[in-house]
Structure formats: C-alpha cells, structure tokens
Amino acid sequence: MIVNTYSKRIFNMAYQFTGTYEEAEDMTQDIFMKLYTSLTKYDFEKNFSAWLLTLAKNYLIDEYRRTKWEKKSRDNFNEHYLPSEAFESPEYGILKEETKKIIWEGINQLSSEVRMTVILRDIQGKKYEEIAEIMSLPLGTIKSRVNRGRLQLAKILKEKKERKNEM
Amino acid sequence: MKCENIEELLSAYLEDDLSPEEKRTVEKHLKTCQSCNDLLSFIEETNKSLADFPQLEVSENLLDRLYSIPSRKKRLKLSFDFLLRPSLQPIFAAATILMIMISFYLFHPDRNTINKTINRQVHHGYSKIERLYAKAESFTDHLGAYKDKILVSLKNMKLLGGNEDQKVKT
C-alpha cells in the first residue's frame, strides 16, 4: 500500500536529487527500509506524506554529505527522460530540450539544501508551506533558498546560451 | 538600487510576492537595465523548464525490491529470535563466564606467573593421580591374592570332599 502510493514520488525525488538512475533506485530502497524501521516513531497527528518526505530528504542530504555527491556527474538527460511530445514546432521543441539539459546538469552545482528546496518547489510543485514543514524551516528561509536556486540556475543557463551564441 | 540587489528580488517578482514598494523599485530598474531584463527572462525560462520535467515511472525491478522489504526484515528477525530462546540462556551465561576468564588470563599483567602456577597445579594433580593409580593397582593385587586363598580353602573343605589338613599353597 505504502509502496504503491509513495514509491514513484520518492524515486523521482531521489533521481532529481542524485541525477543517477541506479543510485536513485538504491536510495529509494534504503529510504523504504528506513521507513519500515521508523514507523513506530510516526506521530499519527502529523501529515504522513510530509513525514515521509522529511525522512527521505534527511536521508538524501545525509548521503550527499557523506559520499560527496557534488563530485559525481549526472546521467545524460535523455538517458531516462524521453523527449516531450511537443505540440510546438520541432525547432522550439529542440530548444526546450536543450534548456532542460542545461538545467538538469546545472542542478549539480546547487548546494544540497538549495537543490532539495528547488526540486520540491519547482519540479514537484509543492507549496511553500508544505516545503517549510518537510524541511522544518521557516517560510522565509525556504523562499530565499528557492530564489537563490532559481537565480543560480538562470545564470548558468544565461552563460551557456550566450557562450553557444558566440561560437 | 544596484543590479545585485535587484537580481535577488526577480524570482519573487515573477511570483508576485513582493511588497508594493519593492515591486515599484524592481519595475523602475527593469525599465533602464537590459541585463536584469535578460536575467528575468532566463529565470522565467528556468521555472518553466523545471516545471516541465517529467516524473519517471518506477521500474518493475525496483518495485519487486520494495515489496520484498517487509518479508526480508521478518526473516532476518526470525533468525535472531532463534538466538533469543530462553533455553539458550545458561549457554550464554557459561560462555560469558568463560570469556571473562579467558580475557582475565589473556590480559593479566603477570601472565607468566599465572602460567607457572597453572603448570605447577597440573603437575601436582598429575602426580596425585599417578599415586592414586598405583594404590589402586596394589589393591587389585591384594584382592586377587585373597580370591585365590578363598578358592583353595573351599576346595579343601571336608563338606565338599576335600582334605582339610592340606596346607594352603600361597
């Protein structure tokens, strides 16, 4: 039941955070093992989904710090993400894919905390209040991290595109 | 206001999350700064791109691994239950005492003295056993001699047709 409801969410969170498919699968398994051992600590008055995402977030950030992920490279964007079926012109579709590739690789340059906040807000589309609960941080801190992450990614995008235009 | 300060407000500006005063400042700056206008459009593009990232399906292999977690944990727990049986408690107690004694012996500073004492005690015990064994042997010899004497006396009894006057050969 828990696997059916949450595996996709946890796996995608792990994949977006780590950037490597095999590692994300292993991490998802570890998170679920941790979940089963921690279920006794769950407070039934709390939101289960937020509690589980907090557990996953803590695990991913701890592993990131322990194994120095920032030094690892991410999977090639098209390795697992298929090109989206664009209704727009093929040329515009290619431009969009190119932007996604730059952003996907740029995520690796964000610090673990900023990366997690951007993933939760902009990729998974969570509300600021939900993220504050998951991250156990004040709303203002979350907003400032999201702003910082977006700005960093936008600057990477700007730099790469401008360099490409110069060539 | 400098570009660096404006940059930090651009993301919130796109989400309409600025105070009216901040909003006015940003808009005023954007009218005159091309660089910040460019950055604003890149932030917008970044946001759209991130929101458009697809969610992957979980592979069958991972699902199998996830479904098997509770049963694997249960099996692991059973194997430990076996060790927790009350009938094994005396064995654990004996093993603990043995371990304490071994560690006492191994880590004692005067290990050589202990070795000598043990050797002396073993030799002492061994010689005691030898003496006991020798005593036991002489006792069986005595018993054998008595047995022979009794048999000869029985043979010589008149009642059984023997000659009582015949001397017993020893």
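Among contacts in chain A of this predicted model between residues at least 6 apart in sequence, 65% join residues at least 24 apart. Of its 167 residues, 34% count as buried.

In soluble globular proteins, nonpolar side chains tend to be buried together. Here the largest nonpolar core has 48 residues. Those with the most contacts inside this core are A:Ile10, A:Ala14, A:Ala56, A:Ile103, A:Ile119 and A:Leu157. Helix α1 of chain A, residues 2-18, supplies the largest share of the core, with seven residues. A:Ala14 can be followed individually: leaving aside its neighbours within four places in sequence, it is in contact with A:Ala24, A:Met27, A:Thr28 and A:Leu60.

Two packed helices are described by the angle between their axes and the distance between the axes. For helix α7 (residues 128-135) of chain A and α8(A), the axes come within 9 Å and cross at roughly 105°. Angles of 65 to 115 degrees count as roughly perpendicular, and α7(A) and α8(A) are therefore roughly perpendicular to each other. On the α7(A) side the contact is made by A:Tyr128, A:Glu129, A:Ile131, A:Ala132 and A:Met135, and on the α8(A) side by A:Leu139, A:Ile142 and A:Lys143. By class, this contact has six nonpolar, no polar and two charged residues.

Helix α8(A) also takes part in the contact between the chains. In that contact, 30 residues of chain A meet 29 residues of chain B. On the side of chain A that touches chain B, two or more residues come from each of α1, α2 (21-38), α5 (90-106), α6 (112-123) and α8 (139-166) of chain A. Of these, α8(A) gives the most, with nine residues. Sorted by class, this side of chain A has 14 nonpolar, nine polar and seven charged residues.

In chain B, helix α6 covers residues 89-106. At 1.5 Å a residue, its 18 residues should span 26 Å, and the end C-alpha atoms are 25 Å apart, which agrees. A residue is buried if 20 or more other C-beta atoms lie within 10 Å of its own. Of the 18 residues of α6(B), the number buried is zero, so this helix lies largely in the open.

Key
Residues numbered from 1 in each chain as written. Chains lettered and ligands numbered in written order. Predicted model: local features only at pLDDT ≥ 70, side-chain atom pairs only at ≥ 80, totals over all residues. Core = buried A, V, L, I, M, F, W, Y, C linked by C-beta atoms within 7 Å. Buried ≥ 20, exposed ≤ 12 C-beta atoms within 10 Å, placed from the backbone. Helix = DSSP H or I, 4+ residues; strand = E, 2+ residues; numbered from the N terminus. Contact = placed C-beta atoms within 7 Å. Expected span 1.5 Å × (residues − 1). Nonpolar A, V, L, I, M, F, W, Y, C, P; charged D, E, K, R; others polar. Axes fitted to C-alpha atoms, helices over the stretch in contact; angles between N-to-C directions. Parallel < 35°, antiparallel > 145°, perpendicular 65-115°, else oblique.
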